[in-house]
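Please look over the structure shown here before reading on.

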Amino acid sequence: MSVKGRIHSFESCGTVDGPGIRFIVFMQGCLMRCQYCHNRDTWDLHGGREVSVEEIMKEAVTYRHFMNASGGGVTASGGEAMLQPEFVRDFFRAAKAEGIHTCLDTNGYVRKHTEVIDEVLDNTDLVMLDLKQLDDSIHHELVGVPNKRVLDFARYLHQRGQKTWIRYVVVPGYTDDERSAHLLGEFIRDMDNIEKIELLPYHQLGVHKWEALGFDYPLAGVKPPSKETMESIKSILANYGHHVMY
């Protein structure tokens, strides 16, 4: 029997967390404290429910036709999936044994020099890595932790030649300026393992979760970025040699 994992929920036909139609498992627990988090209820390391890989796979394989026909597969998301690497490793091994594409959606706040991390990556077809902010002081203010582990993990993915998509959330006042875009572009300029950059405009869809849990939403009153801002950041990043979309 494989190890058990603690999950928040799963989505059977997701279309935004990797290519094609995907079965997405949202793992419970996260060490970042993103001010704009739209899954505030996943932070608690002891929340959610415990499941086995067998239970998840029994559900996932029922959607295999739709996933395979669309070029999709399974995604481990969160919370933060890499807080439970043994479970993700076994989940991905089981998926690949069924011929199903695997995608790891991570904030990269992990240690790279452990055997289990390599075992996860060995069974991962695509990594979607969130790079929140390259300026460490702003990163710490925005998400509550330094960015060193994240940047080290990004470098490690490049070293491995791991197929990667970068996700960058455009948050007014924190990541929507030209300097921040240039810092990101310079950091990933020579990373030939990166297939594309996905720009994600900040939104307020998770506010109700903060309120339901009795917390004040930190970015109350902050509006989504304008199309002009998104186009400006896209143009800057594209000049560093990567495909950029939003």
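## Helix packing and core

Helix α1 (residues 53-60) and α3 have axes that come within 10 Å and cross at roughly 40 degrees. That angle makes α1 oblique to α3. The model is predicted, so that local features need pLDDT of at least 70 and side-chain atom pairs count only at pLDDT 80 or more, while totals for chains, interfaces and linings use all residues. Residues are numbered from 1 along each chain as its sequence is written, and side-chain values use heavy atoms, with hydrogens and water left out.

Helices (H or I, at least four residues) and strands (E, at least two) are DSSP runs numbered from the N terminus. Axes are lines fitted to C-alpha atoms, for helices over the stretch in contact, and angles run from 0 to 180 degrees between N-to-C directions. Angles under 35 degrees count as roughly parallel, over 145 as roughly antiparallel, 65 to 115 as roughly perpendicular and the rest as oblique. Contact means heavy atoms within 4.5 Å.

α1 passes α3 in a right-handed crossing (right-handed if the near helix is turned clockwise from the far one by less than a right angle, left-handed if anticlockwise). On the α1 side, Val53, Ile56 and Met57 meet Phe87, Asp90, Phe91, Ala94 and Ala95 of α3. By class, this contact of α1 with α3 has 7 nonpolar, no polar and 1 charged residues. Here Ala, Val, Leu, Ile, Met, Phe, Trp, Tyr, Cys and Pro count as nonpolar, Asp, Glu, Lys and Arg as charged, and the others, Gly among them, as polar.

| Helix pair | Axis distance | Crossing angle |
|---|---|---|
| α7 (residues 178-188) and α9 (residues 227-238) | within 9 Å | roughly 30 degrees |
| α4 (residues 115-122) and α6 | 12 Å | about 55 degrees |

α7 and α9 are therefore roughly parallel to each other, and their crossing is right-handed. In α7, the residues Glu178, Ala181, His182, Leu184 and Gly185 meet Ser232, Ile233, Ile236 and Leu237 in α9. The residues of that contact divide into 5 nonpolar, 3 polar and 1 charged.

α4 and α6, by their angle, are therefore oblique to each other, and α4 passes α6 in a right-handed crossing. The α4 residues Ile117, Asp118, Leu121 and Asp122 meet Phe153, Tyr156, Leu157 and Arg160 in α6. The contact of α4 with α6 divides into 5 nonpolar, no polar and 3 charged residues.

The largest nonpolar core has 73 residues, and those with the most contacts inside it are Tyr36, Val74, Phe91, Leu104 and Leu131. Helix α6 (residues 148-160) gives the most to this core, with 6 residues. A nonpolar core is a set of buried Ala, Val, Leu, Ile, Met, Phe, Trp, Tyr and Cys residues joined through side-chain atoms within 4.5 Å. Buried means under 20% relative accessible area, exposed over 50%, and partly exposed in between, with a 1.4 Å probe and protein chains only. In soluble globular proteins, nonpolar side chains tend to be buried together.

Which residues does Phe91 touch, not counting residues up to four places away in sequence? They are Val25, Val53, Ile56, Met57, Val74 and Thr75.

Val25 is found in strand β2 (residues 22-27) and is buried, with a relative accessible area of 0%. Leaving aside neighbours within four places in sequence, Val25 is in contact with Ile7, Ser9, Phe10, Ile56, Thr75, Ala76, Ser77 and Phe91. Val25 and Phe10 are 15 residues apart in sequence and 4.4 Å apart in space, C-alpha to C-alpha.

Lys4 has its place in strand β1 (residues 4-14). Between Lys4 and Phe91 there are 87 residues in sequence and 9.8 Å in space, C-alpha to C-alpha. Beyond its neighbours within four places in sequence, Lys4 is in contact with Glu50, Val51, Ser52 and Phe87.

His139 lies in helix α5 (residues 136-143) and counts as buried at 1% relative accessibility. Phe66, in helix α2 (residues 64-69), counts as partly exposed at 46%.

A cis peptide bond joins Gly78 and Gly79, with omega about 15 degrees. Gly79 lies in the loop between β4 (73-77) and α3 (85-97).
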